[in-house]
Every structure is written in C-alpha cells, then in structure tokens.
Amino acid sequence: MPYIIETFDKPDSRALRQATREEHIDYLESQVDRLLACGAKLKDDGSDAGGGFYIVDVETRAEAEAFINADPFTKAGLFERMAITRWRKGYLDRKSYLRPR
C-alpha cells in the first residue's frame with residue numbers, strides 16, 4: 001500500500017534546496033518506478049512554500065523511510081521534519097479504486 005511523504009524545509013534553506021536540486025532530480029529519475037506522484041509545495045502566488053510531497057508505491061513504512069532518507073535533499077540536511085503516512089488509493093490518474101471489480 002502506498003505512502004505519502006510530506007517534507008518541510010528548514011527556515012532560510014532556499015539556497016541549499018537550489019544547490020542540491022539537480023542531484024535530487026537525478027535521484028527521483030532513478031526511482032521513477034516507485035513514484036506515483038511528487039513535487040514541491042507552492043504558495044498561491046506560485047513561489048516556493050518550502051517543502052515537498054511524494055506518493056511512493058512501496059509496501060512498508062521502512063521502505064518509505066529508506067526512500068526519503070536516500071534523497072539528496074535529506075542527505076544535505078534540507079528538511080526540518082518529515083511526515084510519512086500510509087495511503088489508500090481512492091482515485092489515481094483519473095481512475096477509481098473505490099469499488100471492487
């Protein structure tokens with residue numbers, strides 16, 4: 001069952017995020033088979049809100065933790081905190097998972 005990982009950047013860490021961004025993107029591309037969705041959180045005006053959101057297709061919390069701990073953003077110390085929550089697919093990619101087939 002997938003997990004949601006929400007990250008929250010440390011205050012005043014925009015320069016660290018930018019310096020580590022390319023390595024982070026390379027990591028995400030290497031993990032594309034495990035990613036259902038991910039992206040940076042934004043303010044309403046489109047500016048950086050200081051964190052990100054991942055939905056990863058893994059079976060255990062330990063796998064979700066290993067995924068985020070291997071991310072270059074985590075290794076660089078970007079995050080103030082992270083929240084990992086198990087997630088049940090209701091709708092994904094415009095497809096319903098709510099009714100058994």
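Q: Why is Glu22 called exposed?
A: In this predicted model, the relative accessible area of Glu22 is 52%. Exposed means over 50%, so Glu22 receives that label.

Q: What makes Arg21 partly exposed?
A: Its relative accessibility is 40%.

Q: Why is the pairing of Arg21 and Glu22 called a salt bridge?
A: The side chains of Arg21 and Glu22 meet at 3.7 Å, N to O. The criterion is a distance within 4 Å, so the pair qualifies.

Q: How do you know that Lys41 and Glu6 form a salt bridge, and what does the pair link?
A: The N to O distance between their side chains is 3.1 Å, and the limit is 4 Å. The pair links distant parts of the chain, with Lys41 in strand 2 and Glu6 in strand 1, 35 residues apart.

Q: Are Lys41 and Glu6 buried or partly exposed?
A: Lys41 has a relative accessible area of 18%; buried means under 20%, so Lys41 is buried. Glu6, at 25%, is partly exposed.

Q: What makes Asp9 and Arg17 a salt bridge?
A: Their closest N and O atoms are 2.8 Å apart, and the definition asks for a distance within 4 Å. Both Asp9 and Arg17 are buried. The structure holds 4 salt bridges.

Q: Why does Asp71 have no salt bridge?
A: The nearest side chain of opposite charge, that of Arg17, is 8.2 Å away, whereas a salt bridge requires a distance within 4 Å; therefore Asp71, although buried, has none.

Q: What joins the side chains of Asp71 and Tyr54?
A: A polar contact of 3.1 Å joins them, the limit being 3.5 Å. Asp71 lies in the loop between helix 2 (61–69) and helix 3 (72–75). Leaving aside neighbours within four places in sequence, Asp71 is also in contact with residues including His24, Tyr27 and Leu28.

Q: How do you know on which side of helix 2 the buried residues lie?
A: The buried residues of helix 2 are Ala64, Phe67 and Ile68. They cover an arc of only 90° around the axis, which means that they share the same side of helix 2.

Q: Which residues have the most contacts inside the largest nonpolar core?
A: They are Ile5, Tyr54, Val56, Ala64, Phe67 and Ile68, in a core of 15 residues. Helix 2 provides the largest share of this core, 3 residues.

Key: Residues are numbered from 1 along each chain as its sequence is written. This is a predicted model: local features need pLDDT of at least 70, side-chain atom pairs count only at pLDDT 80 or more; totals for chains, interfaces and linings use all residues. Side-chain values use heavy atoms; hydrogens and water are left out. Helices (H or I, at least four residues) and strands (E, at least two) are DSSP runs, numbered from the N terminus. Buried means under 20% relative accessible area, exposed over 50%, partly exposed in between (1.4 Å probe, protein chains only). Lys and Arg count as positive and Asp and Glu as negative; His and the chain ends are not counted. A polar contact is a pair of N or O atoms within 3.5 Å; within protein, one must be able to donate a hydrogen and the other to accept it, and residues adjacent in sequence count only if both atoms are side-chain atoms. Contact means heavy atoms within 4.5 Å. The arc is that of the directions from the helix axis to the C-beta atoms. A nonpolar core is a set of buried Ala, Val, Leu, Ile, Met, Phe, Trp, Tyr and Cys residues joined through side-chain atoms within 4.5 Å.
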